[in-house]
Amino acid sequence: MQYYFKQYLFFFVVVFITLNSQAQLKDTAQWKAMFAVGINYPTTDGFVKGSYAKAVNFPTVNLGIQHMLKRQYGVKLDYGFSRFKNDDDSPDFKINYSRINAQFVFDPSEYIGFLPMRLRTVVHVGPGITFVKPLGTLGDNKQTFMNLIGGVELHYAINEKVSVYTDVAYVYGLTSLDNYEPALNGLGAFNGSVFNLTFGVAVSLSGCRYCD
């Protein structure tokens, strides 16, 4: 009898721990620090005629702080840095592309019934400012303009404090390229849009206060 009692006790302890950990994974941290690294693709229409970048460029680095106002939505301030260079058939250039964006964040995971407990989706969108700086002797063609970013993240919770995630984002440049005559004078100038694919880590900086 005592043997069976111990078995039952062990079973209920395991179930309790499992349910408790799953409940914690449902929580949404009020504050998160985020760091991601990946690749980028700048659209060809953002360069002067006759020049374009490689289809895949490295690196893209994103740093951000996220604050959830409620369980499903919040805000994020993030900084992104990318570098891209000319393709083989284009005149030589290298460009540092950086941006700062304030974004609205929405987590629709609770409305997607088939997702496993540890997975969450996050949609983010918001305006920002872009700084484009060609390297070397092309520095005079640097630009500053507004942008609009939108993207989707998929998070996998390792525990209630740390998750790994991937982010697919599109940064749209809200400007037009200056007219250069000849076009070669505008080498290194860029005002187009950028696709980013990054992989990173999100770390909770506080407990959940909005898990209603």
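Select V162 and look across to strand 8: its bridge partner there is V203. Strands here are DSSP runs of E with at least two residues, numbered from the N terminus. This is a predicted model, in which local features need pLDDT of at least 70 and side-chain atom pairs count only at pLDDT 80 or more, while totals for chains, interfaces and linings use all residues. Residues are numbered from 1 along each chain as its sequence is written, and side-chain values use heavy atoms, with hydrogens and water left out.

**Strand 7 and its partners**

Now select strand 8, residues 194-204. Strand 7 runs antiparallel to strand 8, with 10 bridges joining them. Two strands count as paired if DSSP finds at least two bridges between them.

Turn to the other pairing, with strand 6, residues 143-157. Strands 6 and 7 are also antiparallel, over 12 bridges. They form a hairpin, with 4 residues between them. Pick M146 and find L174, its bridge partner in strand 7.

Next, colour strand 7 (residues 162-174) by face. S163, Y165, D167, A169, V171 and G173 make up the covered face. The uncovered face includes V162, Y170, Y172 and L174.

**The nonpolar core**

Select F47, F84, F93, I95, Y97, V132 and F190. These have the most contacts inside the largest nonpolar core, which has 15 residues. Strand 4 (94-106), strand 6 and strand 7 each give two or more residues to this core. Such a core is a set of buried Ala, Val, Leu, Ile, Met, Phe, Trp, Tyr and Cys residues joined through side-chain atoms within 4.5 Å.

Centre on Y97. Beyond its neighbours within four places in sequence, Y97 is in contact (heavy atoms within 4.5 Å) with residues including F84, V132, V171 and F190.

**Salt bridges**

The whole structure has 5 salt bridges, each a side-chain nitrogen of Lys or Arg within 4 Å of a carboxyl oxygen of Asp or Glu.

Select K76 and E153: their side chains meet at 2.9 Å, N to O. K76 is in strand 3 and E153 in strand 6, so this pair ties together parts 77 residues apart in sequence. K76 is buried at 6% relative accessible area, and E153 is buried at 2%. Buried means under 20%, exposed over 50%, and partly exposed in between (1.4 Å probe, protein chains only).

Move to R99 and D78, which meet at 3.0 Å, N to O. R99 lies in strand 4 and D78 in strand 3, 21 residues apart. Both are buried.

Finish at D88 and K54, whose closest N and O atoms are 3.5 Å apart. D88 is exposed at 65%; K54 is partly exposed at 24%.
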